[in-house]
Amino acid sequence: MTQDSYLETLVQYYDEEIEGEAYFETLANLTADPTQKEALSLLAQVEHHAAKGVAPLLVKHSLTPGDAAALRASGHKDAAGSWAGWDELLDDMDSTYSGYLDDFRALEALGPSEDQPILAFLSEHEVAAIAFLEKARSDLNAAMTPLRNYLASPAPVAR
Ligand SMILES: [Fe+2]
């Protein structure tokens with residue numbers, strides 16, 4: 001793997017968090033259940049918190065993110081087209097999230113040592129989402145705790 005692929009992947013994952021924030025915001029609007037709405041809104045905030053933490057690395061490496069309005073529109077569209085109910089959403093998350101975490105860990109492995117704290121912060125948002133998912137079916141209120149904990153964790157400063 002080259003430095004180019006590190007930087008390309010970094011900006012791609014940043015963009016996907018912007019998209020993800022809009023995706024969860026739309027899902028939060030689509031469910032009528034207040035607890036599900038709260039959980040989806042927290043997931044949107046987690047995406048936002050992760051993206052905001054990574055943003056200084058884009059500046060540091062002179063990377064240009066995708067157009068935020070277009071990314072948000074894409075996230076809204078994905079959510080509107082895929083919403084089939086709560087259980088289906090959890091099943092979809094089950095089938096994809098561990099793969100996402102592998103992808104974030106692979107990005108950590110590509111990055112220079114100075115970027116490691118922020119890359120780990122990015123991976124941690126997926127760890128929090130997986131911890132949410134593990135409890136979401138049995139106790140949705142308790143499942144939100146790892147999301148709140150992540151939101152309470154400050155992003156590392158870029159070096
Ligand atoms: Fe994410």
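How are α4 and α5 oriented to each other, roughly parallel or roughly antiparallel? The legends below begin with that pair. This is a predicted model, in which local features need pLDDT of at least 70 and side-chain atom pairs count only at pLDDT 80 or more, while totals for chains, interfaces and linings use all residues. Residues are numbered from 1 along each chain as its sequence is written.

**View 1. The packing of helices α4 and α5.** Two packed helices are described by the angle between their axes and the distance between the axes. Here α4 and α5 pack at an angle of about 160°, with their axes 9 Å apart, where axes are lines fitted to C-alpha atoms, for helices over the stretch in contact, and angles run from 0 to 180 degrees between N-to-C directions. Helices (H or I, at least four residues) are DSSP runs, numbered from the N terminus. The two helices are therefore roughly antiparallel to each other, since angles under 35 degrees count as roughly parallel, over 145 as roughly antiparallel, 65 to 115 as roughly perpendicular and the rest as oblique. The crossing of α4 and α5 is left-handed, a term used if the near helix is turned anticlockwise from the far one by less than a right angle, and right-handed if clockwise. Residues including L90, Y97 and F104 in α4 meet residues including L119, V127 and L133 in α5, contact being defined by C-beta atoms, placed from the backbone, that lie within 7 Å. By class, this contact of α4 with α5 has 15 nonpolar, three polar and four charged residues; Ala, Val, Leu, Ile, Met, Phe, Trp, Tyr, Cys and Pro count as nonpolar, Asp, Glu, Lys and Arg as charged, and the others, Gly among them, as polar.

**View 2. The contact of α2 with α5.** The axes of α2 and α5 come within 9 Å and cross at roughly 170°, which makes α2 roughly antiparallel to α5. Among the residues that make the contact are L43, V46 and V54 of α2, together with F121, H125 and A128 of α5. The contact of α2 with α5 has 10 nonpolar, three polar and no charged residues.

**View 3. The largest nonpolar core and L147.** A nonpolar core is a set of buried Ala, Val, Leu, Ile, Met, Phe, Trp, Tyr and Cys residues joined through C-beta atoms within 7 Å. Of the 31 residues in the largest such core, L43, V46, V54 and L147 touch the most other members. The largest share, 10 residues, comes from α2. Not counting residues up to four places away in sequence, L147 touches L42, L43, V46, A128 and F132.

**View 4. P146 in helix α7.** P146 counts as buried because 21 C-beta neighbours lie inside 10 Å; a residue is buried if 20 or more other C-beta atoms lie within 10 Å of its own, exposed if 12 or fewer, and partly exposed in between, with C-beta atoms placed from the backbone. Leaving aside neighbours within four places in sequence, P146 is in contact with A128, A131 and F132. The C-alpha atoms of P146 and V127, 19 residues apart along the chain, are separated by 8.7 Å.

**View 5. S62 in the loop between α2 and α3.** Phi of S62 is near 55°, a positive value in a residue other than glycine. Most residues other than glycine have a negative phi. S62 is exposed, with 7 other C-beta atoms within 10 Å.

Note on methods: Contact = placed C-beta atoms within 7 Å.
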